[in-house]
Amino acid sequence: MWKKALIAAPYLWLLLFFLAPFAIVLKISLAEPVFGQPPYTHTVSLENFAFLFSDKLYAITYLRSVFMAACATLLCLALGFPMAYGIARCGRATRSLLLMLIILPFWISFLLRVYAWMGLMNNYGTINSLLLWAGVIDQPMQLMYTDFAVFVGLVYSYLPFMILPLYASLERMDLDLVEAAQDLGASGSRAFWDVTWPLARPGVIAGCLLVFIPAIGEYVIPYLLGGPESLLIGRVLFDEFFVNRDWPLASAVAIVLLLLLVVPIVLLQRYQSRDQENTA
Amino acid sequence: MKDFIRIRGISKHFGDFAAVDNVDLTIEKGELFAILGGSGCGKTTLLRMLAGFETPTSGTIEIDGVDVTNQPPYERHVNMMFQSYAVFPHMSVEKNIAYGLRKERTPGKEIAKRVDEMLELVQLGNFRSRKPDQLSGGQRQRVALARALIKRPKVLLLDEPLAALDKKLRERTQFELMNIQDELGVTFVVVTHDQEEAMTLSTRIAVMDNGRFQQIGTPKEIYEFPANRFVAEFIGTINTFKGRVAAVADEGIKVYSTEAGVTLTALGKQLVEEGQEIEVAVRPEKIFISKEKPESDDDVCIEGVVDDLGYLGNRSLYRIRLESGKIVQVSSQNRRRSITRFLEWEDKVWISWRAGSAVVLLD
């Protein structure tokens, strides 16, 4: 009885605060905008979706968002894997210290940390001042309001979400396995691809999902660090909602984004369960 | 061929600490050689140097006439069975066993044939497509063994091969290992902390302590004639009596021991002088226990009382207190069945042993 209640509680929570709002958003996306309270009709049509697909701007923005998020995910993986590997191979005491350092930034508000990057990457900010002083450049570089700045912000913010699951799967791995592969004739890099990588794959998949999903809809980082021309889907969503006050179209944008995210997650999950079947 | 593995002056330092300290060793082809020692004695480091996972600080290792000191593990004709077995969890039994040959780019047909041979050797034919987590500990160990043997290594290294198995399985595996070794003629080097494992498995044993070999010999030599106190105490239990050399005679060294209260005769090849302080050692199972004084004159007889006793089924253990307060351990076979105990606490008894049973121990 208690067991069932315990299991039911989170499901009820999800039903109430995820599925119900989702149904509302879906309903609004099928409506038409009007002036008034609420700012939409109670009609049902697919016009908003038709509009999304007819205007190339939206398609380009979706693709750009996917591309930026994918690049940020790969960058996080490239940076995070060696870091997670290094931490997993440290002594017990060093390990907890290093993990602590990875988690430490969360103690400061996300917004403040993004603002800090603005201070660093400003034309007269810390990075430019240092480079000017050192004589590497003779006029300030444009760092802020570029795609570069957005990548810096994304990678900086989401790296811990990549490192932690990677660490969890690497830490569990028996080092003897790598030595066994070498003993049986695999060079160091061969042993990595034969043993370490496949065993770290659950961590890689989890880390990539944890970075990719929030990165694709990220609003604050591109808004604060990106240029006006770097239009991403989170920004479009915000503008449709608050600037144009077109709730139905904003809802349609959100629904398409959700579908866009569901596809890779389902694919990965199927891949992972097949992987587990093979292991089992 | 003699001197198949030749280790000369090998040392391994970790910082200031010498894990292996200037060790020499030769192992013959086809030997089942055991390196025996407590944890931290350097045995695992020595094994890892043979496998190529550690580079010696100094010294050389030759295998079959080739200097392999600086060869990486994947170039050596040496394979290892890890203590954890290190069976790849994401590969089937078959793929695990084939791994070594795959890395050699052996043709597929040849791989299939040799995998079949190995599966038969370790009796895992019905488990070929299973994943390691569907196997028992003993089966996983046999996968590890087959995987290490499939490349037909010149030397097979085994790190605590029986440590993770329960007692029944240990005994069976022990004999299986010996049979396989006999069948394939591969030289086995076993590292273990378990003296029983070393004694039953191996043709020769090296007892290691503090990064050095304390004694190298056959199990019998090591048990019956331990070179020093460490070896004597590490292998089995032993009673020692401090004493002073009274005379060096043909039949042995006469030692007067106040602890024993009598003059003892001990065998030993060591050079000793009259008056020197030495120790005489006797194994518990070499001592007889009786209520009456034994009649023979050659034997050493000492009187004492039963301090403690323990019944182990096949044998009984006694702790006998001598007049000097010295406790002597005696182990005696329970040949006859009897419901009543032969001895009770505080019984007066005589312990005796043949003069030739005692050996001289120097530090």
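This report looks at chain B, its two domains and its contacts with chain A. The model is predicted.

**Chain B as a whole**

Chain B has 363 residues, and 39% of them count as buried. Its secondary structure comprises eight helices and 20 strands. Along the principal axes, the C-alpha atoms of chain B fill a box of roughly 75 × 50 × 35 Å. Now take the contacts in chain B with a separation of 6 or more. Residues 24 or more positions apart account for 64% of these contacts.

**Two domains**

Chain B is divided into domain 1, residues 5-232, and domain 2, residues 237-361. How far apart do the C-alpha centres of domain 1 and domain 2 of chain B lie? The distance is 39 Å. Five residues of domain 1 of chain B are in contact with five residues of domain 2 of chain B. On the domain 1 side, three of these residues are nonpolar, one is polar and one is charged.

**Where chain B meets chain A**

The contact between the chains involves 19 residues of chain B and 16 residues of chain A. Two elements of chain B, β6 (78-81) and α2 (93-103), each supply at least two residues of the side that touches chain A. The largest share, three residues, comes from α2(B). The chain B side divides into ten nonpolar, four polar and five charged residues.

The table sets out the classes for both contact sides.

| Domain 1 of chain B, touching domain 2 of chain B | three residues | one residue | one residue |

How values were computed: Residues numbered from 1 in each chain as written. Chains lettered and ligands numbered in written order. Predicted model: local features only at pLDDT ≥ 70, side-chain atom pairs only at ≥ 80, totals over all residues. Contact = placed C-beta atoms within 7 Å. Helix = DSSP H or I, 4+ residues; strand = E, 2+ residues; numbered from the N terminus. Nonpolar A, V, L, I, M, F, W, Y, C, P; charged D, E, K, R; others polar. Buried ≥ 20, exposed ≤ 12 C-beta atoms within 10 Å, placed from the backbone. Domains from an automatic or database assignment.
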